[in-house]
Amino acid sequence: MAVLQKRHYQKTVRQVLMLAESYQQMSDEELQQQTQILKDQVNGDQKRLKAVLPAAYAVVCEAAERVLGLRPYPVQVLGAVAMEDGNIAEMKTGEGKTLTATMPMYLHGLMGSGNFLITANEYLAARDAHDMGKLYRWLGLTVASAVPELGQKPEDRDLDTIYQADIVYTTNSTLGFDYLFDNLAKSPQEQHLRSLNFALIDEADAVLLDTAQTPLVISGVPRVQSNYYQSADQVVKLLQEQDDYEISDDLKNAWFTPQGIVKMEQYLDVDNLLTQEWTDLYRHLVLALRANYIQKRERNYVVKDNEVVLIDAENGRELPGMKMQAGMHQALEAKEQVEITPEQRTMATITYQDLFRMFKQLAGMTGTAATDKKEFLEVYNLSVFKVPTNRPNIRKDFPDHLFISNRAKLLATVDVVKAAYQKGQPVLVETGSLELSELYSNLLLKERIPHSLLNARSEVKEAEIIRHAGEKGAITVATSMAGRGTDINISKEVEELGGLLVLGTERMQNRRIDNQLRGRAGRQGAPGESVFYVSLEDKVVTENAPKSIRRFAHRHAHDQQQTLSNHGRFRNAINRSQQILTNQERNARFETLQYGEVSRIQRESIYQTRNWIMQATQLDPLVTMCFEAVAQGFGSKRADWVDDSQTLLEFIYQNVDPDYQSSRDLSGLSNEEQVKVLLQVMQDRLQVMHQQLPHQDQWIYFERLAVLRAVDQGWVEQVDQLDMLMQVTKSRSIAQVNPIFEYQKEAQKAYQTMREHIKLQVVRNLTNSDVIPQPDGTVDVEFP
Ligand code: ADP
Ligand code: MG
């Protein structure tokens, strides 16, 4: 299969190269005219792109040479062909993925707007939009970078111009937030994103896997402050592990035992903690449980100036201003006994998985994808296609060096750096966290070895430092992901010294990232070396290895002989520990996906409704439907009918007309009669509103606003509910039930309730608002 595929791709590549050669004869004007010719052939039909692919790619090849001075290598054309066929092209670092991407991007640009190149950070988006933009513009396409320019605020971007462009360079988070904000818009004029046709994702593994666990969240108005945080924290601190609560093997989850529940009921003096009545208290207990026994100070967060500051798990950086959602942050504040900050509501949220699955067509490229082939296929329906390197790779990947103690390992690596430094060979020291980077930096200082430390001030600075990491005598200390996507050049002289040496100081969370790090050396057939130094005290090992290994490490921590053989049980233990971590992360992503599935369906339905409302020219049938549903609902809730005109009047005062005065006596009415009266009152009120806004334009404007607001009120509430619900169900105490199934059931119920709320809110907004018509056709509305 793969062989066939490859042969097929090769055939297309030959076609492209032949055409490109013939295009050399064309004048600049002729070549530029090809864009229009191709556009005419495609004529806005995505299915015809395949047919023009060879010609389009050939145009890019020839134009790239003329405009950028770069002629794509055959392997780059191959990568571009594979990407158009639903693949993630695995192309090693330095193979020129930026240029490769211009072929599919140009091809899709022929269809007009809706095509995105997604990069891992803002610096790369701006850089590539600028560099490659010259090529697209020369060929007559429009291109934009969607990330804010230096010093620009995100809200000051000209979003209409940006998203009208045929090709947009952006980051995953910029795109995600713009998408969410688009769906909080009040009118189509406030929406900027057009269709989501094609996304080509650079560093696809970083974007699709490494960032995929954390959903994008827009927070809004603070929630009413709860006073449960402290009491929940106090109670939970009294519990005993095993007896009262349990922690999952991967240390990521905790739940109460039945005994724990009973204990808490006693402390709190409540009857049945698991009933509806105590849902909110129970939620706080769950949060407190996780805050106290899952979240670890100094690893997940630090406390600074009486504030809880989160830490990026990947690189150990502090994340000032970032907060955990759905009350988790407040639970941590209670645990650490600092002031509890206002809790923000989640207003809109989406996972990266869902964001990217909305595109009609996806493609990706990265140096490292093959290890996670299965997940790409399962989640994104993308295959991985390995593209050979342009020149043979001659990098030497040495086997790991194993040590017992961390200390012994550190000293050995410093010796390696010293030796390289003395002969002038550049070294890139890669660590798993910022903390370790700093430690290294100190060790090197003591040895008087000058070096650069990537301290993560900014992406631009990181890129600048990494760019020079291949120079003679350069020693650079960096965390694993820092400066990704920046090209490291080496000189002839450095080549003769063996090229860049990548020194991994511990195994990273998965093999893929290890490979990514190795890939920084030996690009484009240049010499280079890579080696990992690992110890039994590394984070990956201590957290995941069996007890026997940890005991061994402990017993022999001070032995004279610290090196271990790279064969047999220790290497296996290290590999397995890494594998455990890899699996955990994959499982967490699948869990996110499964939980996200419910909110995805609900979100899509709501967003569709919103869009429909914003464009609607006739909302009366919808309004009538809401009125009837609300009136019927009022009736059915009172099935145990008592002659109670007071309830009816209160409902009217509250929701329809605060100044209502009945022209007749309402006592003694049957249930059905009450429903009729209610409906009539609503319709009368609507008439009164209509009289104030006699122009059809103003009336529909008001209706749209009122209905949209009702939908948003309901949905924002629902999003927040779902978020809290997820927190609670993830740690349900009853072991037998499948939490995801529970969540889906509850979420479905909450959705129905939301629909009822929305209808009532439609009634309220339409009958009970103050309206002032404006000269420009709009209406100033004060909603109830
Ligand atoms: P990658 O993203 O695959 O790591 P880049 O796109 O950053 O690689 O490109 C690495 C370097 O190779 C850049 O300096 C780029 O200009 C150069 N390059 C890419 N393609 C070509 C080519 N066809 N001919 C010459 N140089 C190229
Ligand atoms: Mg790149």
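Buried means a relative accessible area under 20%, exposed means over 50%, and partly exposed lies in between, with a 1.4 Å probe and protein chains only as cover. By that rule both Tyr-9 and Phe-385 are buried. This is a predicted model: local features need pLDDT of at least 70, side-chain atom pairs count only at pLDDT 80 or more, totals for chains, interfaces and linings use all residues, and side-chain values use heavy atoms, with hydrogens and water left out. Residues are numbered from 1 along each chain as its sequence is written, while chains are lettered from A and ligands numbered from 1 in the order in which they are written.

**Aromatic pairs**

- Rings of Phe, Tyr and Trp (its six-membered ring) pair if their centres lie within 6.5 Å; planes under 30 degrees apart count as stacked, over 60 as edge-to-face and the rest as tilted.
- The structure holds 14 aromatic pairs.
- Tyr-9 and Phe-385 make an edge-to-face pair, because their ring centres are 5.1 Å apart and their planes stand at 70°.
- This pair links distant parts of the chain, with Tyr-9 in helix H1 (residues 2-23) and Phe-385 in strand S14 (residues 383-386), 376 residues apart.
- Helices (H or I, at least four residues) and strands (E, at least two) are DSSP runs, numbered from the N terminus.
- Phe-116 and Tyr-163 form a tilted pair, with 6.1 Å from centre to centre and 50° between the planes.
- That pair also connects distant parts of the chain: Phe-116 sits in strand S2 (residues 115-119) and Tyr-163 in helix H7 (residues 159-164), 47 residues apart.
- Both Phe-116 and Tyr-163 are buried.
- Ring pairs join Phe-116, Tyr-163, Tyr-352, Phe-356 and Phe-359 into a cluster.

**A charge over a ring**

- Arg-569 lies over the face of Phe-552, 5.4 Å from the ring centre.
- The criterion is NZ of Lys or CZ of Arg within 6 Å of the ring centre and within 35 degrees of the ring normal.

**Ligand 1**

- Which residues come nearest to ligand 1? Of the 15 residues around it, they are Arg-71, Gln-76, Gly-94, Lys-97 and Thr-98.
- A residue is near a molecule if one of its heavy atoms lies within 4 Å of it.
- The shell divides into four nonpolar, five polar and six charged residues.
- Ala, Val, Leu, Ile, Met, Phe, Trp, Tyr, Cys and Pro count as nonpolar, Asp, Glu, Lys and Arg as charged, and the others, Gly among them, as polar.
- Helix H5 (residues 97-109) gives the largest share of the shell, three residues.
- A polar contact is a pair of N or O atoms within 3.5 Å; within protein, one must be able to donate a hydrogen and the other to accept it, and residues adjacent in sequence count only if both atoms are side-chain atoms.
- A polar side-chain atom of Thr-98 is 2.6 Å from an oxygen atom of ligand 1.
- For Asp-487, a polar side-chain atom lies 3.1 Å from an oxygen atom of the ligand.
- Glu-95 has a polar backbone atom 3.4 Å from an oxygen atom of ligand 1.
- The protein covers 76% of the 570 Å² of accessible area that ligand 1 has on its own, by the Shrake-Rupley method with a 1.4 Å probe.

**Positive phi**

- Most residues other than glycine have a negative phi.
- Asn-43 is not a glycine, yet has a positive phi of about 50°.
- Asn-43 lies in the loop between helix H2 (28-42) and helix H3 (49-68), and is exposed at 59% relative accessible area.
- Arg-448 has a positive phi near 60°.
- Its place is the loop between helix H17 (434-446) and strand S18 (452-453), and Arg-448 is exposed at 73%.

- Ser-530, in strand S21 (residues 528-535), is buried at 0% relative accessibility.
- Gly-522 lies in the loop between helix H20 (511-518) and S21, and is buried at 13%.
- Gln-259, in helix H11 (residues 258-268), is partly exposed at 46%.
- Pro-621, in helix H24 (residues 620-636), is exposed at 54%.
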